[in-house]
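Reader: I would like to learn how to read a structure like this one. Please take the features one at a time.

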Amino acid sequence: MHGVQNAILLHASLAPGVAEPWADGLLQALPYARRMQIERADATARIASLAGLALALTGATRVTDPVPRVVDFRFEAGARPRLEQGPPFSVSHTTDRVACVVCAVGDVGLDIETLPSGAGPTTLRELSRWTATEATLKAAGLGLRQVRDVLLEAPPLAAILHGRRYALREFQLASRTIGHVASVEPLEVLVDSVALDGVEVSSAVQRALGLPTQG
């Protein structure tokens, strides 16, 4: 039996109207099809997509060596994004927050949702079950078509999908954001808030682009 493994969950605010200094360079370095997909999205979805990738690079630099490169991203049709030369990761975002979990070993899934202001216990319970379900599907590399195949153990602490058991870890972030991390192996998850325009994220993207960093 394997021991508890560590994972890093980074999250950041998606401030409206803010253009991150690394965003254009990251966008231009992505594969053509993915770049076109992001460019066709509205401004909010565009920065959320790029921010998720930036957090994946930032988290990867904390758990792996060598430093991952933007060219290592793979975006196969019907599959979750991955780093060919990097650790597994999963991204989720709401309208005002983006999060990414990175794990050195083993597939992982993440989903976050915003709890409406004044929401009661029923809404909280429903959103908790939903994030647990979607995180499990992401960990398995499946889409929402298989949502009815996920069986949750109360409250939920684990999920069963196609005969495989996934450990669940619930958490709450800033701005009433709740979510779950799902993994085959139990994880000890370090949760850390970062700034998208901060030194760590900017440096991680610059290194992944092969550019010199400051400081």
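Predicted model: local features only at pLDDT ≥ 70, side-chain atom pairs only at ≥ 80, totals over all residues.

Reader: What is the strand order in the open sheet of four strands?

Author: In general, strands of a sheet pair through backbone hydrogen bonds, either parallel or antiparallel. Here the four strands run in the order β4-β5-β1-β11, and their pairing is mixed. At the edges are β4 and β11 (187-193), each of which pairs on one side only. Ignoring direction, neighbouring strands of this sheet are turned by 20 degrees against each other on average.

Reader: In which sense do β4 and β5 pair, and over how many bridges?

Author: β4 and β5 (residues 97-103) are antiparallel partners, joined over five bridges.

Reader: Which strands does α3 lie across?

Author: α3 lies across β1 (5-13), β4, β5 and β11. Its direction is at about 35 degrees to β5.

Reader: What is the strand order in the open sheet of five strands?

Author: That order is β6-β10-β9-β8-β7, with antiparallel pairing. Because β6 (108-114) and β7 (150-153) each have a single partner strand, one side of each is left without a neighbour in the sheet. β6 pairs with β10 (residues 177-183) over seven bridges in the antiparallel sense. Within that pair of strands, Leu 110 stands opposite Val 181 in β10.

Reader: Which helix lies across β6 and β10?

Author: α4 does, and it also lies across β7, β8 (158-161) and β9 (164-173). α4 runs at about 150 degrees to β6.

Reader: How many salt bridges does the structure hold?

Author: Side chains of opposite charge can pair when their charged atoms come close. The structure holds seven salt bridges. One of them joins Arg 74 to Glu 84, with the closest N and O atoms 2.6 Å apart. Arg 74 belongs to strand β2 (residues 73-74) and Glu 84 to the loop between β3 (82-83) and β4, so the pair ties together parts that are ten residues apart in sequence.

Reader: How much space lies in the largest pocket?

Author: Rolling a probe the size of a water molecule over the atoms shows where empty space is left. The largest pocket contains about 550 Å³ of space. It is lined by 22 residues, and those closest to its centre are Arg 80, Pro 81, Ser 90, Val 91 and Lys 138.

Reader: Which elements supply the lining of the largest pocket, and of what class are its residues?

Author: α3 (43-63), β4 (89-93) and α4 (121-140) each supply at least two lining residues. β4 gives the largest share, five residues. By class, the lining has ten nonpolar, eight polar and four charged residues.

How values were computed: Residues numbered from 1 in each chain as written. Heavy atoms only, no water. 1 Å grid on protein atoms, 1.4 Å probe; cavity = no way out; pocket = protein on both sides within 12 Å on 5 of 7 lines; lining within 4 Å. Points joined across faces, edges and corners; volume = space filled by probe spheres on them. Nonpolar A, V, L, I, M, F, W, Y, C, P; charged D, E, K, R; others polar. Pairing = 2+ DSSP bridges. Axes fitted to C-alpha atoms, helices over the stretch in contact; angles between N-to-C directions. Contact = heavy atoms within 4.5 Å. Salt bridge = Lys/Arg side-chain N within 4 Å of Asp/Glu carboxyl O.
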